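Try each task yourself before reading the solution.

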Amino acid sequence: MPEIDLLAINRGAVTAPAGCGKTHLIADALARHSDAKPILVLTHTNSGVAALRGRLDRAGVPSRAYRLSTIDGWALRLLTMFPKRGGHDPQILQVSNPAAHYPALRDAAWRLLQAGHLSDVLAATYHRLIVDEYQDCSENQHAIVLHAAAIIPTCVLGDPMQAIFAFGGNVLPDWSREVCTAFPLVGELETPWRWINAGEEVFGRYLLDVRHDLVAGRQVDLTRSPPNVHWVQLTGGPGDHELRLRAGRTSVAGLDGKVLIIADSRSPQSQRDFAGQTPGAVTVENVDMRDLVTFGEGLDLTSPNVLHHVVGFASSVMTGVGGATMMQRVTTLREARQRREASDAEKAAIAFAEAPSYRRAADLLVEIGKQSGVRAHRPSILRGGLKMLETCGGSENIAPADAAIRVREMSRLIGRPLAKRTVGSTLLLKGLEADVAVVLDPAAMDRKHLYVAMTRGAKQLVICSRTNMI
């Protein structure tokens, strides 16, 4: 029997610190569930759904035991199934304007539940409700769950120390004052399974102690840490960048060993630059894949600047491209002023310039990637660009901008594959884990972001800081 039995909770909350077995607890409950009605499991993102489904599949949990969705996806389903009872504007169901339509969807969904129109339907459909990552709920998502909980038994799981998405107008309910008032606290997970499973229980216990210090507003003294924690002391001078680069190159044992490098959340470009300067490193991308969409929006085969646009995209996702030099070489080659023969990439660029097509744009990107010294440090955006070009070059009559959005939406459903060495921010790496975590600038983090960063590595933590007190 697990330390907390989710199937025995009619209404409650479980505090789940990082790496303490929350997903296993959910999987165990679903595996033991035997009622004919499934358990509804909700979380926040499509990638989170994909990751949780993968864990449930690996645990052998039968699909009949549960229904898994994002909170927004479930809200959309309710409003689609009962369009007249909600009294909402039908346009919001198209989600053509996400910034406006998602908040409207959430408001309409909780009002529909509050009105009691679906009480009998929900009670007849689901045995109970489990909501994962509850610290990330917005106030109107909290209202959806709150009104659903009046109909079916509900348990929510989350960690207020990992609530790092309160920005851009996204107001989160206070864990103690609002969440635990609505869902009385049942217990807190306190076994560091991530580190026990990695053979590093002492390290895991240390990180739980760090959490208590951060909750209490105390600083963490890096000189009083276990051997798993390596402090790289910065000086505040120009040499700090090289010290951080060395930290990012921290070796990891085993062919499957992975490193997460956690950089400044406020500067995506600095993350990309760091990945470009770190051998084998790639960036993890935001789910909006803005640069892919921008590439699609600006791709016009009739434009005289179309070659520059494609080469510029290549330079933004691969290191060592030398875009300006390539453009100069293409001009020289087309004017027959060259002193050396064209490379395969230059031949592909000339072929594209003389007869632009989506197929030739893809060929150009592939040939650029084959050049000596060129490496894709943003592989997901590059793959997305190639997939976009393939879609546009197929039988469908689809504009590049629309194809880019289609590729982006598909990527949200499959989650983020973790490379051997990945650079990102706490916002992008929360929920992921690796053997080693490297924190480049803890001084730029508040206590919640710092806790998320410190708990990404199962075996080793490297922290770059001017002082031992963080």
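**Exercise 1. Work out the surroundings of Lys-430.**

Start with the side chain: a polar contact of 3.4 Å joins the side chains of Lys-430 and Glu-133. Another polar contact, at 3.2 Å, runs from the side chain of Lys-430 to the side chain of Asp-136. (A polar contact is a pair of N or O atoms within 3.5 Å; within protein, one must be able to donate a hydrogen and the other to accept it, and residues adjacent in sequence count only if both atoms are side-chain atoms.)

A word on the model before going further: it is a predicted one, where local features need pLDDT of at least 70 and side-chain atom pairs count only at pLDDT 80 or more, while totals for chains, interfaces and linings use all residues. Residues are numbered from 1 along each chain as its sequence is written, and side-chain values use heavy atoms, with hydrogens and water left out.

Lys-430 sits in the loop between α20 and β13. (Helices are DSSP runs of H or I with at least four residues, strands are runs of E with at least two, and both are numbered from the N terminus.) With a relative accessible area of 14%, Lys-430 is buried. (Buried means under 20% relative accessible area, exposed over 50%, and partly exposed in between, using a 1.4 Å probe and protein chains only.)

Then list the neighbours. Leaving aside residues within four places in sequence, Lys-430 is in contact with Glu-133, Gln-135, Asp-136, Gln-162, Ile-164, Phe-165, Val-452 and Arg-456. (Contact means heavy atoms within 4.5 Å.)

**Exercise 2. Go through the salt bridges and say which parts of the chain they link.**

First, the idea: side chains of opposite charge can pair when their charged atoms come close. Here a salt bridge is a side-chain nitrogen of Lys or Arg within 4 Å of a carboxyl oxygen of Asp or Glu. Searching the whole structure turns up 29 of these salt bridges.

Take Arg-106 and Asp-72: their salt bridge has its closest N and O atoms 2.8 Å apart. Arg-106 lies in helix α5 (residues 98–114) and Asp-72 in helix α3 (residues 71–81), so this pair ties together parts that are 34 residues apart in sequence. Arg-106 and Asp-72 are both buried.

Now back to Lys-430, which forms a salt bridge with Glu-133, with the closest N and O atoms 3.4 Å apart. This pair links distant parts of the chain, 297 residues apart: Lys-430 is in the loop between α20 (426–429) and β13 (434–439), and Glu-133 is in the loop between β4 (128–131) and α7 (139–149). Both partners, Lys-430 and Glu-133, are buried.

**Exercise 3. Find the aromatic pairs and sort them by geometry.**

Rings of Phe, Tyr and Trp (its six-membered ring) pair if their centres lie within 6.5 Å; planes under 30 degrees apart count as stacked, over 60 as edge-to-face and the rest as tilted. The structure holds 3 such pairs.

One of them is Tyr-134 with Phe-183: the ring centres are 6.0 Å apart and the planes are at 75°, so the pair is edge-to-face. Tyr-134 is in the loop between β4 and α7, and Phe-183 is in the loop between α8 (175–182) and β6 (185–188), 49 residues apart. Tyr-134 is buried at 1% relative accessibility, and Phe-183 is buried at 0%.

Another is Phe-295 with Phe-313, which is stacked because the centres are 3.9 Å apart and the planes are at 5°. Phe-295 lies in helix α13 (residues 290–297) and Phe-313 in helix α14, so the pair ties together parts 18 residues apart in sequence. Phe-295 counts as buried at 2% relative accessibility, and Phe-313 is buried at 4%.
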